[in-house]
Amino acid sequence: MSDTHAQTVPFVRDTMLPAAPPPTRESGAVKWLRENLFSGAVNTVLTILGILIIWFLVATFWDWFAHSVWNASSLTECRQIIAATWGENARGACFAVIRERWNQYVFGFYPQTLYWRPTMAFGLLMVALAPVLFSASLIIRRVVLAITTLATLLCMMVLGAPVGWLVFAALVLAGGLLASERNIAWLLPFSLIYPLLGVWFLWGGSLWGPIFVLVGPLLGWLAWRLLAGISPLLATVGAILVTVLFWLLLAGDAAQSAQAVLPLSIEAVRSDRFGGFLLSITIGVAGIALSLPLGIVLALARRSDMFLIKSLAVIFIEFIRGVPLITLLFVASLLLNYFLPPGTSFDIILRVIIMVTLFAAAYMAEVIRGGLAALPKGQYEAADALGLDYWKAQRLIVLPQALKISIPGIVSTFIGMFKDTTLVTFVGLYDPLKSMSDAVRANIEWKGIYWEPFIFVGAIFFLICFGMSRYSMYLERRLQRDHR
Amino acid sequence: MTDVSASASPPFRLSMLINDRRYRSLTFQVIVFILVMLGLWWLIDNTLRNLALMGKSFDFGFLFQRAGYDIPQTPIPYTSDDTHLRASVVGLLNTLIVSVLGCIAATVLGILVGVARLSRNWLFARLMTVYVEIFRNMPLLLWILIIYAIFTEILPPPNAYRGENATMSMILFDNVALTNRYTAIPTLGMTNDPGSLDLGARITFNWATIAFVVALVGGWMLRRMIRDHAQRVQDRTGDRPVTWWKSLAVMVLPSLFLIWYFGLHLEPPSLQGFNFTGGLNVSNGLVALWLALTLYTAAFIAEIVRAGILAVSRGQSEAAFALGLRPNRTMSLVILPQALRVIVPPLISQYLNLTKNSSLAIAVGYMDLRGTLGGTTLNQTGRELEAIVLMMLTYLAVSLIISAGMNVFNASVKLKER
Amino acid sequence: MKKSVFLGTVAAATLLAGAGFAQEGSTLAQVKERGELNCGVNTGLVGFAAPDANGNWTGFDVAYCRALAAAVLGDPSKVKFVPTTGQTRFTALSSGEVDVLARNSTWTYSRDTDLKLDFVGVNYYDGQGFMVRRDLGVTSAKELEGATICIQTGTTTELNLADYFRANNMTYTPVNIDSNAEGEQQYMAGACDAYTTDASGLAATRAAFADPENHIILPEIISKEPLGPAVRHGDNNWGDIARWTLNALIAAEEYGVTSRNIEELVRSSTNPEVQRLLGTTDELGAMIGLDAEWARRAILANGNYGEIFAANIGEQTPIGLARGLNAQWTQGGLLYTPPFR
């Protein structure tokens, strides 16, 4: 066929032509523009609309941002500077308020000389989180821990931390780096005692309190070892009983006596000094750390075969999910005193943390339940076939996979909870968004300043939440690859 | 089988309560039950002792006392002489109003943005991504405060509309005035008012409203009958009769007739004294709260919609095209029904979130349930226990009703498994 | 303190078992044992109670708390200020979270009886007024027919406003706002024609404006707002201590005892009333469970009533309130303390 054809054609080129460049409309920027922005009538309209929106935003806000003032001691001075520099009718942002009051937005009323303590607590938090959050990749871990080490030490130095504590922080951070290079699991004990350390750093006081809190579980473990030979169940009950009884009856007095014998304490800081992002992050981190285990228990309870357990879990979860967080905060601030024995009262931050935890746990439980449901039934059956009992099956087979599936949901619950910490303003705590801004505005110098604090606080919330969601996406992709 | 195991099982011993799997779960449940009951008893006992100690009682009588405070937005008639109960109902209605408006607007906007994020238009898709990320990652309270502040700071006060050389003029043919207090919109006036149906407790429905509802529902049912008839004809003969003009007529004509009969017209607001009167003043608190809730929730809904559409495999639309379906039919018959199955469950929880988030209304002075029952009433009567319990139960009931209603809808779009 | 920090660390266990640091016995004993006075204050009202950049509280109400702490504990700095909102204030008091509430709260019948509070006296005689822009052309509250009025929710002002407009057969649109800062912003932007709150608050707000001359406070005072500290109903001894600490501050002004001349008067005063007040004769302190020098310390903490007033809200401060009703009865005011004997 082709042979006959070839004979009828008068001319055949026997060398290849060099490839010609594509026409301009099919290459480079023009092609990209054509395909992505102007591929059809609708698309063109959308592009123009998009450009208009951007133009509108820039036109409206540009001069305001461009005329920022960072150095002034009051709003009036700000306005004078703006008028002097950019003309009488110019408007401009007065970010000087952030420069003047950043410490209040970040640390609330925490004593200024002790700012290094929350900084150190935050830095060490990263080390404690490393084996949990950053276990997936050595590189991420290296980067995060190196940045944390540098930033923490630098901040502490700037904030005037005593040399002893600087050395302590440097040692712990270096240890964290070293452990993460060798074997990240070494850091797990640190993660376990971190909650006590963190509380001690933030609130200060005697170190004996946390130490004796730690002694409780140790005694419990001892009891468990002693009783384990008799009956495992008895051992568990005994261990819990010993721990709780020790905490309730002995720990407080023991801590005081120990403090009297050998004073080991740093300056105590009261809860009412907490405010700004320090408060938000404290509530957020505590709520996150506590709500995850509680959420897992609730999710397992809701999927349990036992009717009563299941019903209780359903009632609890649906009740919490059915009411706004703000009413729960009201319960914390107004009603908790009714529910506790007469005369009992405890710290409002603690009460808020409890309520926020319960709230987040109910949502967490639903997310994890979704993960449990998404797990193929074969996994459960395989666990049964191996002869694992319920807890072993959950711990070794079901939960690791289910939690992996639920990571995006868990993280978005965390983000939601962190954003919701701003609601504590309604129970009289100094959140960075409303109460702190109101407090700043209550001063005559900064009366009437509105947008700048909003933008500052919003930007920080955005950075934290966006960072969390991006990291969870990264984690999800990474774990998915392992899964395959 | 059961017989064999029953006969083979050893006699019951007490230790089996712990060691035998059959009894262990029962033992465990009993223990948990006892613990929960003890806990509840402890809480209730504490509460009673505390109440006794403070000399208070658990008594909802305060609901029937005179409220004494005014509410800016009252869907049902209310004055400061009414009871706290009525004030709470007004608050609840206000909560529902902003929630329903918010859910509708957030759904529409969310779908648009979700689809736009999948658009092939690079610029627009990026712009929508920026919108979604910015709104999702900042607290809702911030958005409420910012939008409210924008309204207050940027819109003019009503007296900017005053006088010969007014700095502002009303828009939409002199019908709507935007001010920093409210948006003044026209009300519907009637020249031939049929009077109202009195439901008692000073709640009235105008007969015209009822007539319109009847006309619309009737028209909708007639339209269904026409469509069913057309379907039957098509099944029988293969030809579908042209029905669009009939459908249009039954839907529109009765309403047009009623508009003419009642002499319905717009009554535009006019500036008298300090404020606009004659029209309806929609407070900025409501608008700001509504906008903030809408924009915030829409960002979440957009993500849900996007995920839902992405969840339908490309093969589905390709198969539909292969069958010769046009793109819009492909969307409505193939993609959407499948995407809805993924979209609806998370959408329900977004609706619930929106309703619950509306309790932030106090930040903009919008008097919702939390502002009346959980705010001023609680404050004036000092009955925090009763007020908060009642408020939580009301929110819970609203949430349960919403999720029940949406579950019915979910069941209707769910994959019918045979 | 140590105990409460410790409590934080074992919170869960504590909550389950319902322990916690139980407060038993009288309030005085509790305060002494704690070594600290818990005082409920406003979350931020310039002049009355507001934290500065370092979290140090200052203000008129704060000064009372410090005086009380000085009287009971001997140290005016031993006060824990608990910021309370309009919603949480009375619960904070009745639940024992605070020992005394000094949060410019109005003494009313129902609060005194139904809410089971005891107001120990009046530290500021106030009344509700209106502030409007001068260019609005309004000179009397009676001309506010149809106006939009900004008002803080959860205060007695809300009820007074409703009653006043009802009684005068006028209509208005309330704009409920959440905090004073918010109210000022709304008013400044013209989102309401008038701003109503206690006259003292209006004066303070107006003083802080860039253009105070363009705003006027209308002459009508539509309510009586006697503001005073409150304690829980039932603990009469603690109520007496709170009451007489306030009275001591007022009496000190009446007798000319100031923080500057007090040491001298202790030594040299011949006025028997002053001698009893300062504890040089008669053991008045013992009758309320305190030592003889309690009032001396209370006055030394921030000075007498007049000094406190002048330092925080007086005419020399940006708030610039005149004494008016809050002058001594000898000066034509309402401050009149029962005799110390």
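**View 1. Helix 14 of chain C and its surroundings.** Helix 14 of chain C is followed by C:Gly303, a residue with a positive phi near 90°; helices here and below (H or I, at least four residues) and strands (E, at least two) are DSSP runs numbered from the N terminus. The model is predicted, so that local features need pLDDT of at least 70 and side-chain atom pairs count only at pLDDT 80 or more, whereas totals for chains, interfaces and linings use all residues. Residues are numbered from 1 along each chain as its sequence is written, and chains are lettered from A and ligands numbered from 1 in the order in which they are written. Helix 14, residues 294–302, is mostly covered, with eight of its nine residues buried; a residue is buried if 20 or more other C-beta atoms lie within 10 Å of its own, exposed if 12 or fewer, and partly exposed in between, the C-beta atoms being placed from the backbone. Among the buried residues of helix 14 of chain C are C:Trp294, C:Arg296, C:Arg297 and C:Ile299. What covers the buried residues of this helix includes helix 4 (60–73), helix 10 (236–254) and helix 15 (305–312) of chain C.

**View 2. The loop that holds C:Ser140.** C:Ser140 is placed in the loop between strand 8 (128–133) and strand 9 (147–152) of chain C. C:Ser140 is exposed, because 10 other C-beta atoms lie within 10 Å. Leaving aside its neighbours within four places in sequence, C:Ser140 is in contact with C:Leu218, C:Pro219 and C:Glu220, where two residues are in contact if their C-beta atoms, placed from the backbone, lie within 7 Å. The C-alpha atoms of C:Ser140 and C:Tyr64 are separated by 35 Å, and these residues are 76 residues apart along the chain.

**View 3. The two domains of chain C.** The domain assignment of chain C gives domain 1 (1–127 + 225–341) and domain 2 (128–223), with bounds that come from an automatic or database domain assignment. The C-alpha centres of domain 1 and domain 2 of chain C lie 30 Å apart. Their contact takes 16 residues from domain 1 of chain C and 16 residues from domain 2 of chain C. The side of domain 1 that touches domain 2 has seven nonpolar, seven polar and two charged residues; Ala, Val, Leu, Ile, Met, Phe, Trp, Tyr, Cys and Pro count as nonpolar, Asp, Glu, Lys and Arg as charged, and the others, Gly among them, as polar.

**View 4. Helix 6 against helix 7 in chain A.** Helix 6 (residues 116–133) and helix 7 (residues 138–158) of chain A pack at an angle of about 170°, with their axes 9 Å apart; axes are lines fitted to C-alpha atoms, for helices over the stretch in contact, and angles run from 0 to 180 degrees between N-to-C directions. The two helices of chain A, helix 6 and helix 7, are therefore roughly antiparallel to each other, the term for angles over 145 degrees, while those under 35 count as roughly parallel, 65 to 115 as roughly perpendicular and the rest as oblique. The residues of this contact between helix 6 and helix 7 of chain A divide into nine nonpolar, four polar and one charged.

**View 5. Chain B where it touches chain C.** The contact takes 28 residues from chain B and 31 residues from chain C. Helix 12 of chain B gives the most to the side of chain B that touches chain C, with six residues.
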